[in-house]
Amino acid sequence: MTPEARIEQWFQEILAMLDPRRLTRLAASFDKCFSGLDASDEASRPVTIPGDGQVVVIAIGKAAIAMAAGAQDLLGDRFERGYVLTVDGPDADELDGRWTIFRAGHPIPDQRGIDATQQLISVVEALESDDRVGARSSGGGSALFEAPYDSLTLADFAELTQLLLNAGAPIQHLNTVRIPLSQVKGGSFRQRSPAGTFVTLILSDVLGNDSAIIASGPTVEPTTSGAAALSVLDLYGLRESVSPAIRAVLKNAAAEGNEWDHPDDMIEIVGDLDLAILLAEEVSQSAGFSSTAVEFHFEGEAAEMAREWIQELLGRPEETDVVWGGGENIVTVRGAGSGGRNTEFALAAALELDRLENDEWVIASLATDGQDGSSRSAGAIASRETIVKARELSIDPKAALAENDSATFFEKVGGLVITGPSGTNVNDLYVGFRRAS
């Protein structure tokens, strides 16, 4: 099996183990704290939830369908109805007739998301104090779940999101700006409901696992403010570029305070990048390879981080066959090409291997959600051979990188990894595979 084929096979195995249905099924009951991924817990499901009120489940994000299926497994007949708000694509055949399914746009919000959000607001506002809500949040929720203040338009949000994405803002900065502009983000959705308890299970796509940032924290206590949002806009020189209506709302939010009194609520992370890397090491080691992982997450410009990744690989002892890493890089858009942070990372890494005349390593950069920017792929696998082949085809890899056209490059040269939407989302995985192994 070639290194490229082996990497792709491992990636599929890792995604299967990151199935949010499984992670949610093995997570917290309503009266216990998260106890880890202990498969023996499955025998005791469905759980018994204390209290006489109804249980409603609301799942939001790219992994919402799978997390809803996990809640269905976990709770059995104990919940009355459920709601899912997710992206176009993944089917919901695994869910029974108790679920209402909404679809909406990502990464730019659309009217479908706003309409669905209004219906979900009506659901939680109608609950009573002995009712309970099982909230399931995952990456993508910030764009999907939105209720702008009345003075803001969908066009304001779309323009803001695109400006921040083009500036290379990471998800932490993007959500810091979006939270004060919304009537459901930053705990506001929770504040609208008289329900006695919210149990929020989260699949994290945010480095550091800040629950107030993941999906913009609609059911958790906020940690950001209008003042912080204005500071982020200033950081990227965008305060005067956004609409006057957005600036006005943020200035008002900067002067407001928050009260939070929900002592019985629970918040637990059911899966994250660290779990993905742990599973990746197990997969490669079980295949008989000597594997290790870097001890930090990559977070910066994708091309720069790719060059650092190559230096990490070159520093490994000869007996190391496979090196895993993870992170979530950014791309400051300067060209008009097609691509994403993972295809850009792979192209830049291959160029660095070519510069060093290094034929030893094959690398990959892969999005666990299967969706890397505008590339229609999860990312790419590359090596020095990729650059040699490109030049044989009269394709300029440096020009492709400069134009942010990495996906087009790999479409022509080969190396794209296409999974379709995976149903999970825990940042990006990087792998280096030593050819000699």
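Let's start with a helix contact. H173, T176 and V177 in α7 meet A228, A229, V232, L233 and L235 in α9, where contact means heavy atoms within 4.5 Å. Six of the residues in this contact are nonpolar, two are polar and none is charged. For those classes, Ala, Val, Leu, Ile, Met, Phe, Trp, Tyr, Cys and Pro count as nonpolar, Asp, Glu, Lys and Arg as charged, and the others, Gly among them, as polar.

A word on the source. This is a predicted model, where local features need pLDDT of at least 70 and side-chain atom pairs pLDDT 80 or more, while totals for chains, interfaces and linings use all residues. Numbering runs from 1 along each chain as its sequence is written, and side-chain values use heavy atoms, without hydrogens and water.

Back to the pair. Helix α7 covers residues 171-178, and helix α9 covers residues 226-235. Helices here are DSSP runs of H or I, at least four residues; strands are runs of E, at least two. The two axes are 8 Å apart, at an angle of about 130°. That makes α7 oblique to α9; angles under 35 degrees count as roughly parallel, over 145 as roughly antiparallel, 65 to 115 as roughly perpendicular, and the rest as oblique.

Now the whole chain. It has 16 helices and twelve strands. The C-alpha trace spans about 65 × 55 × 35 Å along its principal axes. Of the 437 residues, 59% count as buried, meaning under 20% relative accessible area, with exposed over 50% and partly exposed in between (1.4 Å probe, protein chains only).

Last, one residue. D52 sits in the loop between α2 (20-25) and β1 (55-60). D52 is exposed, at 80% relative accessible area.

Conventions: Axes are lines fitted to C-alpha atoms, for helices over the stretch in contact, and angles run from 0 to 180 degrees between N-to-C directions.
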